[in-house]
Amino acid sequence: VHNVYGSVNLRWRKIADEVEFTVVVMHSLSLRGLTEETITEVIQDLLRLWQTSMLEIKHCIARIERQEEINDRIKARQISTERRQRVGATRQNDLEVVLAEIKGLVGLQSVKSFAHSLVAQKHLAELRRSHNLPADAVAPHLVFLGDPGTGKTTVARLVGRLYKGLGLLPKGHVVEVERSSLVGGYLGQTALKTQQMCEKALGGILFIDEAYTLSVNGRDYGDEALATILTFMENNRGKLAVVVAGYPKQMDEMLDSNPGLRSRFDTTITFDNYAPHELMQMFMVQLRQQEYELTESAKADVAYMFARGVHSGSEFNARSVRGLISEVLSQHASVLMTLASPTEKQIRTISSLSIPTEWVVG
């Protein structure tokens with residue numbers, strides 16, 4: 001900044017988070033021989049230059065602050081974008097893992113079809129968003145129908161992870177409850193207990209096993225629990241998913257007992273009892289996980305046992321398969337006790353000697 005009497009030289013530099021300014025005011029006239037009036041005018045003019053330089057400093061500081069604010073916003077957007085990309089990559093990886101686990105389930109074709117349908121719906125939603133079309137997606141409420149031991153609880157946990165991987169729920173955790181977790185012993189306690197469980201499930205799944213036990217024709221506070229759950233579902237649509245499970249006949253009766261209850265659930269999945277070949281597959285998978293293998297004759301004995309049992313009306317499920325494996329391994333241990341120094345192959349291999357006599361073909 002300058003005029004006829006002098007100039008102001010303004011310099012600045014940024015040190016860490018602070019800005020340092022240097023202001024030099026110089027006059028270009030010799031004051032010797034000047035009248036007092038002229039000297040006063042020169043000094044006043046230099047003061048005006050100083051004031052102008054102070055205003056310039058303020059403007060300079062404002063420009064620096066605006067630029068820093070812009071830089072901070074750009075950096076924040078970059079960090080947010082990188083974070084979303086990382087979260088998206090993690091979510092995609094989690095989704096692929098849970099889909100592989102669902103695909104690897106023995107039987108349960110209805111569950112696999114449901115998972116495939118959800119993935120297709122996600123793809124459709126992404127296509128609609130890419131064309132600026134509305135694409136609302138919420139986590140479906142589900143009804144699981146099936147006998148005990150058909151995989152309902154296992155699938156509920158997988159569905160929680162599936163919903164999270166698809167971005168339908170933020171957490172995907174599963175809160176497993178039953179009648180005693182929801183129904184209280186006196187008036188007012190049931191609503192409080194049920195509300196607490198529902199809130200605990202926010203962001204994930206509330207899984208109610210044997211849900212039909214809540215509907216007992218008004219003989220206790222089970223209906224109050226159902227009413228509380230319905231209200232919570234309505235007020236928190238998209239924030240959690242409710243999965244109710246139980247025997248087909250009893251679940252149908254429960255869903256018909258409360259007006260509007262059935263309509264609140266989007267999808268019903270039926271868990272069929274396992275066929276003999278599915279039970280055999282489950283048996284083999286669990287043995288391999290423990291690094292055992294069966295001889296061909298032992299496989300034939302186990303397969304015969306499953307086929308004969310199912311055809312005679314025996315109820316085999318995942319839990320009973322685990323029990324049968326424990327029985328085989330116990331007998332296998334007894335066989336190994338008769339050997340002085342069993343080899344690794346003998347330890348790993350289960351022959352017909354380790355199969356209970358009543359299972360053996362013929």
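Modeller: Let's go through the helix pairs, then the pocket and the cavity. Keep in mind that this is a predicted model.

Colleague: Okay, helix pairs. What do I look at?

Modeller: Two packed helices are described by the angle between their axes and the distance between the axes. Take H2, residues 109-130, with H3: their axes come within 11 Å and cross at roughly 10 degrees. Angles under 35 degrees count as roughly parallel, so H2 and H3 are roughly parallel to each other.

Colleague: Which residues make the contact between H2 and H3?

Modeller: On the H2 side you have Val 111, Phe 114, Ala 115, Leu 118 and Lys 122, and on the H3 side Val 155, Leu 162, Tyr 163 and Gly 165. Sorted by class, the contact of H2 with H3 has seven nonpolar, one polar and one charged residues.

Colleague: Now give me a pair with another geometry. At what angle do H5 and H6 pack?

Modeller: H5 (residues 189-200) and H6 (residues 222-235) pack at about 40 degrees, and their axes are 9 Å apart. That angle makes H5 oblique to H6. As for handedness, the H5 and H6 crossing is right-handed. H5 brings Thr 190, Ala 191, Thr 194, Gln 195, Cys 198 and Glu 199 to the contact, while H6 brings Glu 224, Ala 225, Thr 228, Ile 229 and Phe 232. By class, this contact of H5 with H6 has five nonpolar, four polar and two charged residues.

Colleague: And H8 with H10: how are they oriented to each other, roughly parallel or oblique?

Modeller: Their axes cross at roughly 55 degrees and come within 10 Å, so H8 and H10 are oblique to each other. The crossing of H8 and H10 is right-handed. Leu 279, Met 282, Phe 283, Gln 286 and Leu 287 of H8 meet a set in H10 made up of Ala 318, Val 321, Arg 322, Leu 324, Ile 325, Val 328 and Leu 329.

Colleague: Good. On to empty space, then. How do I find it?

Modeller: Rolling a probe the size of a water molecule over the atoms shows where empty space is left. Here the largest pocket has a volume of about 630 Å³. It has 28 lining residues, and the closest to its centre are Gly 151, Thr 154, Tyr 274, Ala 318 and Arg 322.

Colleague: Which helices supply at least two residues each to that pocket lining?

Modeller: H3 (152-165), H8 (276-289) and H10 (318-337) each do. The largest share of the lining comes from H8, with five residues. By class, the lining of the largest pocket divides into 10 nonpolar, 11 polar and seven charged residues.

Colleague: Which element gives the most to the lining of the largest cavity?

Modeller: H6 does, with three residues. H6 and strand S6 (241-246) each supply at least two residues of that lining. By class, the largest cavity's lining has nine nonpolar, no polar and no charged residues.

Notes. Residues numbered from 1 in each chain as written. Predicted model: local features only at pLDDT ≥ 70, side-chain atom pairs only at ≥ 80, totals over all residues. Heavy atoms only, no water. Axes fitted to C-alpha atoms, helices over the stretch in contact; angles between N-to-C directions. Helix = DSSP H or I, 4+ residues; strand = E, 2+ residues; numbered from the N terminus. Parallel < 35°, antiparallel > 145°, perpendicular 65-115°, else oblique. Left-handed = near helix turned anticlockwise from the far one by under 90°. Contact = heavy atoms within 4.5 Å. Nonpolar A, V, L, I, M, F, W, Y, C, P; charged D, E, K, R; others polar. 1 Å grid on protein atoms, 1.4 Å probe; cavity = no way out; pocket = protein on both sides within 12 Å on 5 of 7 lines; lining within 4 Å. Points joined across faces, edges and corners; volume = space filled by probe spheres on them.
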